[in-house]
Structure formats: C-alpha cells, structure tokens
Amino acid sequence: MSQEEQPKRPQEPVTYGDVFEVSGELADKPIAPEDANMMQAAETRVFGHTQKGGAAAVMQSAATANKRGGFVHPGDTTDLAAERGVTVAQTDVPGARVTTEFVGGQVVGQYVEPRPVATAAAMEAEVVGLSLQSAITIGEALEATVQTAGNKPVDQSDAAAIQAAEVRACGTNVIAPGGIAASAQSAANHNATIDRDEDKIKLIDVLAGATGNLAADKAVTRQDAEGVVSAELRNNPNLSTHPGGVAASITAAARLNERADI
C-alpha cells in the first residue's frame, strides 16, 4: 500500500456532542474506551446483549477512532461518566416499556417497546390504575416524560411543547394562569438567566402530577402528537426533539393508542 493509500489519522477526537444530542460539558468530551465498555455492560444486563446500532455500539466505534487518533488510551474513562455513571433504565408506561440510556446524567439513547394488551392492562392496574379500555391521555403522557427526561432543565422548546399539549388537552387556546404551560414558560424564562444546569428548574418540577393540573384531558391522537412535535421543533435551535422529552412521550402515546385501537 502506498503512502497516499494509508488511512489518515483523525485530526479531531469524536466527542459526545458529535454523535449524541447532549449539552454542556459532556458534549465536548471525547468518548473514552471505558465509557463504551460500561455502556456495553449496562446494555447486556438489561437486554441480555448489546443493541444493534445502539448507544454502546456508537460509543465503541467512536472510542476505537479516538484510540487510533491517539486522543485516548485503553482504560481511559471520561470524568463525567465516572462521576455520574453510565446507566440503562427501564420504565413501564401505559402500553409500553421505555428503556433510556444515560451517560453522565444525560440521555444518549431510548427505545420504546410496545407491550401486549393483557400485559399492558395488568401493568396499568398496578402502576396508574387505568382500565383495559382506557386510552393514554395527554396528561398521562406528560407525566411519563418525568420518568424519561425529568432531570432535563426546562427550555423554550419544552415550554412550547407543553403549551401545545395543554391546548389540545383542554380544547382552548387560552393558557390557564398557574397551569402547566404557564409554569413551563416561567421555568424556561428563569432558566435562561441561569448558568449552571444544577440550579435550573427541571421538567419533573413542572410535569409531576400533570393530569391533575390540567383543566381537561383527552386521549392522545396522531394529530395531537404532530402539533406537539412541531412546537418543540420550531423552538429548538437545532431543529430537533429531545430524546425522551415531551414530544417523544406524546408521540409514543399516540402510536400506542393507534395500535390498541382505543
């Protein structure tokens, strides 16, 4: 092989921000070999194997490239991964099981697995008290967001998505004073003035008990999901939705309602 044909060494490390929708300090960190190993171990514990095309596979490829470029060495671990952990968590929501993967407290992957109707009915009775004939409502989908992205600081895209959800749940364009949309907007405005994520208002602070804080509620439809997704996208500078966020939860609920035909 001639010199021109030799593979070129990467000029820059592959960072978390290059391959995942993460922010803050983690986004600038090169993906290290032990980070990938920890994610592989976590996926294996939960799924029994690593997910094809999942977070572990992406991290392993990135870590290999970073080792080849000399940016990291075998056995290296990112400080945030070591301090805050690399984990895979599963949460049951009506009609589905949501698996979310975290590095340093931020979401790097999510899988929604529909559950059979009989299993969903048993789970609903134990977890949220829904009857077999009950569709997932907008309020319930918002509450499910607490399980998948509750520690995410509220920003303008979240506030817009929550407002779109409340409007559709209540059937009115009037934003209720003290309602979840008003609280979300207030939180987003506050967070915009705060530097540290630790000091910001989180989604869990706004969406916990969402069903009881809505003036009215309704089953989630595809049209509701499209409206919420559009609102979140329009207000995100990256024109993307947050994994496990408001739009993702509403979309999952609409899809499950359609599959159950309720």
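Colleague: Is Glu198 buried, partly exposed or exposed?
Modeller: This is a predicted model, and the accessibility is computed from it. Glu198 has a relative accessible area of 47%, so Glu198 is partly exposed.

Colleague: With which residue does Glu198 form a salt bridge?
Modeller: A salt bridge needs a side-chain nitrogen of Lys or Arg within 4 Å of a carboxyl oxygen of Asp or Glu. For Glu198 the closest N and O atoms of the pair are 3.6 Å apart. The partner of Glu198 is Arg84.

Colleague: How many residues apart are Arg84 and Glu198?
Modeller: Arg84 lies in helix 5 (residues 79-84), while Glu198 sits in the loop between helix 9 (180-191) and helix 10 (203-207). The pair therefore links distant parts of the chain. Arg84 is partly exposed, at 48% relative accessible area. The separation of Arg84 and Glu198 is 114 residues.

Colleague: Which residue is linked with Glu25 and Lys29 in a network of salt bridges?
Modeller: The side chains of Glu25 and Lys29 meet in a salt bridge, at 3.5 Å from N to O. Glu25 is at 47% relative accessibility, so Glu25 counts as partly exposed. The residue linked with Glu25 and Lys29 in the network is Asp79.

Colleague: In the salt bridge of Asp224 and Lys218, what is the N to O distance?
Modeller: Asp224 has 6% relative accessibility and so counts as buried, whereas Lys218 is partly exposed at 27%. Their side chains meet in a salt bridge, and the N to O distance is 2.5 Å.

Colleague: How many salt bridges does a search of the whole structure find?
Modeller: The pairs discussed here include Arg84 with Glu198 and Asp224 with Lys218. Over the whole structure, the number of salt bridges found is nine.

Colleague: How many of the 12 residues of helix 7 are buried?
Modeller: Helix 7 runs over residues 138-149 and reaches 16 Å from its first C-alpha to its last, close to the 16 Å expected. Its buried residues include Ile138, Glu140, Leu142, Val146 and Ala149. Helix 7 is largely enclosed by the rest of the structure, because the number of its residues that are buried is 10.

Colleague: What distance separates the C-alpha atoms of Ala96 and Glu113?
Modeller: Ala96 belongs to strand 2 (residues 96-103). At 0% relative accessibility, Ala96 counts as buried. Ala96 and Glu113 are 17 residues apart along the chain, and their C-alpha atoms are separated by 5.4 Å.

Definitions and conventions: Residues are numbered from 1 along each chain as its sequence is written. This is a predicted model: local features need pLDDT of at least 70, side-chain atom pairs count only at pLDDT 80 or more; totals for chains, interfaces and linings use all residues. Side-chain values use heavy atoms; hydrogens and water are left out. Helices (H or I, at least four residues) and strands (E, at least two) are DSSP runs, numbered from the N terminus. The expected span of a helix is 1.5 Å times one less than its number of residues. Buried means under 20% relative accessible area, exposed over 50%, partly exposed in between (1.4 Å probe, protein chains only).
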